[in-house]
Amino acid sequence: PQPVRRGAMPERKTLSLVNEKKDISITDIVLFFKEYSQKTIQRDLATLVEAGKIKRTGEKRWSRYLFVS
């Protein structure tokens, strides 16, 4: 198992939420995970997009995240 970075958010929490909501913005995700900073959530989302587990549509503050089945 890889060590968890301090302040790091488990990707499975984000992935589970995106799967449940189907289409969600980072602002919505921040409301669900108040214990994490927006920057931490952004990094987590970027990792999931890069891994092909979720898809990002739109740009900058209008970005939406979709679950890839």
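## S63 and its surroundings

In this predicted model, S63 touches S25, R56, T57 and G58, leaving aside residues up to four places away in sequence. S63 sits in the loop between β2 and β3. Is S63 buried or exposed? S63 has a relative accessible area of 4%. Buried means under 20%, so S63 counts as buried.

Two polar contacts involve the S63 side chain. One joins it to the side chain of R56, at 3.0 Å. In the other, a polar atom of the S63 side chain lies 2.9 Å from the backbone oxygen of K60.

## Helix α1

Helix α1 spans residues 11-21, and its buried residues are T14, L17 and V18. These cover an arc of only 100° around the axis, so they lie on the same side of α1. The face turned away from that buried side carries the exposed residues R12 and E20.

What do the buried residues of α1 pack against? Their partners are β1 (23-24), α2 (26-32), α3 (38-50), β2 (54-57) and β3 (64-67). Just after α1, K22 takes a positive phi of about 70°.

## The nonpolar core

The largest nonpolar core has 12 residues. L17 and V18 belong to it, along with I24, I26, I29, F33, Y36, I41, L45, L48, I54 and Y65. Helices α1, α2 and α3 each supply at least two residues. The most come from α3, with 3 residues.

L48 is one of the core residues. Not counting residues up to four places away in sequence, L48 touches E11, T14, L15, K53 and I54.

Key. Residues numbered from 1 in each chain as written. Predicted model: local features only at pLDDT ≥ 70, side-chain atom pairs only at ≥ 80, totals over all residues. Heavy atoms only, no water. Buried < 20%, exposed > 50% of the residue type's maximum accessible area, 1.4 Å probe, protein only. Helix = DSSP H or I, 4+ residues; strand = E, 2+ residues; numbered from the N terminus. Arc of directions from axis to C-beta. Contact = heavy atoms within 4.5 Å. Core = buried A, V, L, I, M, F, W, Y, C linked by side-chain atoms within 4.5 Å. Polar contact = N/O pair within 3.5 Å; in protein donor to acceptor, adjacent residues only side chain to side chain.
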